[in-house]
Amino acid sequence: MTRFAPLAAAALLALAPAVLGNYGIGLLTECLIFAIFAMSLDLLIGYTGLLSFGHAAFFGLSAYAVVTLNVHLGVNGWLGLGAGIVLSTMFAVLVGAVSIRVSGIAFLMVTLAFAQLVFSAALKWRDVTGGTDGLGGLVRPRLFGSSLDNRVTMFYLAFACLVASVWALRRLVAAPLGSVFIGIKENAARMHALGYKVQRFRLLSFTIAGAFAGLAGGLYGLFNGYISTDALNWSVSGDVVIMVILGGAGTIVGPAIGAAIFLVMKDVVSSWTDHWMFLIGAVFIACVMVLPQGVWGAVLQVTGRRR
Amino acid sequence: MHFLITQVLNGLVSGMILFLTAAGLSLIFGLMNVVNVAHGSFFMLGAFVGLSVQQFTGSFWAALLLAPLPALLLGAVMERVFIRPLYRRGHLDQVLLTFGFTFVFVDAVRWLWGSGISSVSVPPVLDGIVRLGGIVVPKYRLFLIFVGLLLALVLWLVIERTRLGAMVRASVDDAPTAEGMGINVPLLQSSVFAAGVGIAALGGAVAAPIIGVYTGMDIEILIPAFIVVVIGGMGSLSGAFFGSVFVGLADTLGRSYLPGLSLFLVYVVMIVVLLTRPAGLFVARRS
């Protein structure tokens, strides 16, 4: 039964556009994109024990690459997506190499500082980025003859990327490499004593996380067709941390669920009150206090399955 | 030259505003190992409470006096009810918890006061300017520098020269031993947390005439205050002081002499400091 659960969930999700309206499909697509983003951060928080507070940098950088390359230079969106992922990955190598030299709170602050540097750059480089006004007018590419302007096509692109990311990340954490990451999270000193080059693995984890965040950001650029400094704001880094913890750090699928809970809650609550932040804050506080393993972590505990 | 001196004075003013927030942040970290991300929220709360008190009573001094009270109370409750159960779990859970509180606070403030920007007028006695050798300085800015210096002095005296301060220092150095010597460490922790956020609230109220009162001021003070604490060294009062002056000056002078780079400057400084002197530039002396 449980073996078929992921397939059933995927099938259900794949059929969703048939019953949802245009708005619902848009919201669901956003959930899928942020699910990839949250899962990428889970590799750092849940598996390698690195609480990054600057993950929006890799997301935003890639989204900016897609939109600016297309709008200013007419570069095709697919090429832009590739360029965005490469750019985010390279930037992750740079940021990772610097920030893994410190740990704990200092790591959090350095990653935040780097993200703020990217944010300031996007704010100041108005000619290219449009600053706070943002930059719109992306011409979306086509997928199998259907333009991504079509919401359903965009949905299936995000869906395919999510399925591929879940598969890849679950393979990764189940592989020996994943065990090394977990070992570093649990006891870095012991891993070092066992002969593992801890720093290299931390950098590798940071880089892979940056690459997947770049994928999510690039998709977001294609989806939105518009980009502003909001995508690089520190609060985006904060939101994605909330998604990971809410869903359950160290479970890959959990943060994807956390992203959906966060975005749907924001959408639903803000339709009947302006005070959705109060609610999300309260829910998050409750989660940290009484459900630190997150929603999905609790489900796994109850059903008695290993992660 | 006059321009430079004016800018240095402005830098000192923003440094003092920073110090009022960073002092509590640093002490709370030093004593409890708690990284209070919600610290900026108390700064904001103080500004709004001060605004309301001034509107109600018409007295700026009453506003300064009463602004820290709600923060003191809320801080004590927050420490007892929410943070205490998490002491065993380590830094990162406290970061997450207090991060959740920033959402709650900003929304509660928006609920109670709305989301507009309000300005606070200074009392008549501090209104106007003084001339210092041809340089025009608003009186209120001098007052703010005075408040910052006074607070630094008072905190230093309390921590270094009183029995209470000795108890705090003992608990910072070695809480279990301090407890064994009969010091009520949990009570001390609650008190320091409440006092720390109370000072931040006072900072918000005293800074209000210069920076205004608005939702969003919480994050605008929090990030530089964190930078100060990181540069100055977590848990060090003198580090918080010199760090605040340094960041205040760097930011203000950067804005006027290197516009476009001012934002970069502070972050780059922080990254470099974290990498070269992870414990901070002005580390507290340890036995």
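In chain B, strand 1 (residues 129–132) and strand 2 (residues 135–138) run antiparallel to each other and pair over four bridges. Strands count as paired if DSSP finds at least two bridges between them, and the elements themselves are DSSP runs numbered from the N terminus, with helices (H or I) of at least four residues and strands (E) of at least two. The model is predicted: local features need pLDDT of at least 70 and side-chain atom pairs count only at pLDDT 80 or more, while totals for chains, interfaces and linings use all residues. Residues are numbered from 1 along each chain as its sequence is written, and chains are lettered from A and ligands numbered from 1 in the order in which they are written.

**Confidence**

- The mean pLDDT (the predictor's confidence in each residue, from 0 to 100) of chain B is 86, and 95% of the residues of chain B reach 70 or more.
- For the complex, the predictor gives an ipTM of 0.85 and a pTM of 0.88.
- Where pLDDT is low, the predicted coordinates should not be read in detail.

**The hairpin of chain B**

- Strand 1 and strand 2 of chain B form a hairpin with two residues between them.
- G133(B), in the turn, has a positive phi of about 55°.
- L132(B) stands opposite I135(B), which belongs to strand 2 of chain B.

**Chain B as a whole**

- Chain B holds twelve helices and two strands.
- From the N terminus on, the order of elements in chain B is α-α-α-α-α-β-β-α-α-α-α-α-α-α.
- Chain B has a radius of gyration of 19 Å, close to the 19 Å that the globule rule gives for 287 residues, so chain B is as compact as a globular protein of that length. The radius is taken over C-alpha atoms, and the rule is 2.2 Å times the number of residues to the power 0.38.
- The C-alpha trace of chain B spans about 60 × 45 × 35 Å along its principal axes.
- Of the 287 residues in chain B, 51% are buried. A residue is buried if 20 or more other C-beta atoms, placed from the backbone, lie within 10 Å of its own, exposed if 12 or fewer do, and partly exposed in between.
- Among contacts in chain B with a separation of 6 or more, 75% join residues 24 or more positions apart. Two residues are in contact if their C-beta atoms, placed from the backbone, lie within 7 Å.

**Where chain B meets chain A**

- In chain B, 29 residues are in contact with 28 residues of chain A.
- On the chain B side, the elements that give two or more residues are helix 5 (91–113), helix 10 (217–232) and helix 12 (262–276).
- Helix 5 of chain B supplies the largest share of that side, 15 residues.
- By class, the chain B side has 24 nonpolar, three polar and two charged residues. Ala, Val, Leu, Ile, Met, Phe, Trp, Tyr, Cys and Pro count as nonpolar, Asp, Glu, Lys and Arg as charged, and the others, Gly among them, as polar.

**F48(B)**

- F48(B) lies in helix 2 (residues 39–57) of chain B.
- F48(B) is buried, with 25 other C-beta atoms within 10 Å.
- Leaving aside neighbours within four places in sequence, F48(B) is in contact with V109(B), W113(B) and V213(B).

**Two places in chain A**

- Of the 15 residues of helix 1 of chain A, the number buried is zero, so helix 1 lies largely in the open.
- I252(A) is in the loop between helix 10 (234–247) and helix 11 (253–272) of chain A.
- I252(A) has a positive phi of about 60° although it is not a glycine, and I252(A) is buried, with 26 other C-beta atoms within 10 Å.
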